[in-house]
Amino acid sequence: MRTRTLALAVSGAALLAAVALPATASSAATGTGAFREGTVAAADLLAKVTGCPQISNGLYRTDSEAPATIPVCGKDGVVYWTADMDIDCDGQVTSACNTGTDPWFQAATAFHQSDGRALDAERLPYVVVPTSSAIWNYASAGIKGGGVVAVIHNNQVQYAVVGDTGPSQIIGEASYATARALGIDPDPSTGGTAAGVTYIFFPNTTVLPIENHEAAVTLGETLAKQFVAGFRQRGPAPEGTVRVR
């Protein structure tokens, strides 16, 4: 819950198939420490989110000093925006995320692990959504804690979950782990990137437990393939849940 100042529709049968599928992600480290997850190319996903049918009532800032220029877009059953990436290091205290490394550190996240603890920003790829306001209410778009997100930067795709909420007028933030996996400097004080990050949300999906990244990849890869193939929304999307016991 940072305060610093700086609906893909799938049928019930398809969702059951998504849950039953084994994880298909292949994460290969590059020389920069970035990872590629899954088989859906970044270019294919980006080609599906050209233009912006705006669903927000207004525009967001990337930082408190920046002008409001970022709309929330929605089409073909997904919600998306392209912005910067600030680093969220909130949640569990780790060697990378603590009051010594992050001047804005908070030992809490809006959503929690299955054991009730805050999320681990150093290890779990998650995305921050703006707190609901007159600009936009993320819950009304079917986005919820644990929802699946495809994060794209520099031709890399990283699957993540919705894990925290941020300022009501600022957009573009993700966990330390998300940034590191995409080859973005994850330092919570000086890291991040100023532009070029696209966040694609698959509404009405929930990964349980939220902290299981492999489950997020499994469902994210399945939904991304359907989205690229042109699967269109027909009515409200049912709940899509991956449960890993």
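**Exercise 1.** Which residues form one aromatic cluster with Trp-81?

Solution. The model is predicted. The cluster consists of Trp-81, Trp-136, Tyr-199 and Phe-201. In the whole structure there are 4 aromatic pairs.

**Exercise 2.** Classify the pair of Trp-81 and Trp-136, and state which parts of the chain the pair ties together.

Solution. Start with the geometry: the ring centres are 5.8 Å apart and the planes stand at 80°. Planes over 60 degrees apart count as edge-to-face, and that is the class of this pair. Next, place the residues. Trp-81 belongs to strand β2 (residues 78–88), while Trp-136 sits in the loop between β3 (126–130) and β4 (148–153), so the pair links parts that are 55 residues apart in sequence. Both Trp-81 and Trp-136 are buried.

**Exercise 3.** Describe the lining of the second largest cavity.

Solution. The space in this cavity is about 30 Å³. Its lining residues include Val-128, Val-129, Pro-130, Ile-170 and Glu-173. Strand β3 contributes the most, with 3 residues. By class, the lining has 6 nonpolar, 2 polar and 1 charged.

**Exercise 4.** Over the face of which residue does Lys-48 lie?

Solution. The residue is Phe-227, with Lys-48 at 5.8 Å from the ring centre.

Definitions and conventions
Residues numbered from 1 in each chain as written. Predicted model: local features only at pLDDT ≥ 70, side-chain atom pairs only at ≥ 80, totals over all residues. Heavy atoms only, no water. Phe/Tyr/Trp six-rings, centres within 6.5 Å; stacked < 30°, edge-to-face > 60°. Helix = DSSP H or I, 4+ residues; strand = E, 2+ residues; numbered from the N terminus. Buried < 20%, exposed > 50% of the residue type's maximum accessible area, 1.4 Å probe, protein only. Lys NZ or Arg CZ within 6 Å of the ring centre and 35° of its normal. 1 Å grid on protein atoms, 1.4 Å probe; cavity = no way out; pocket = protein on both sides within 12 Å on 5 of 7 lines; lining within 4 Å. Points joined across faces, edges and corners; volume = space filled by probe spheres on them. Nonpolar A, V, L, I, M, F, W, Y, C, P; charged D, E, K, R; others polar.
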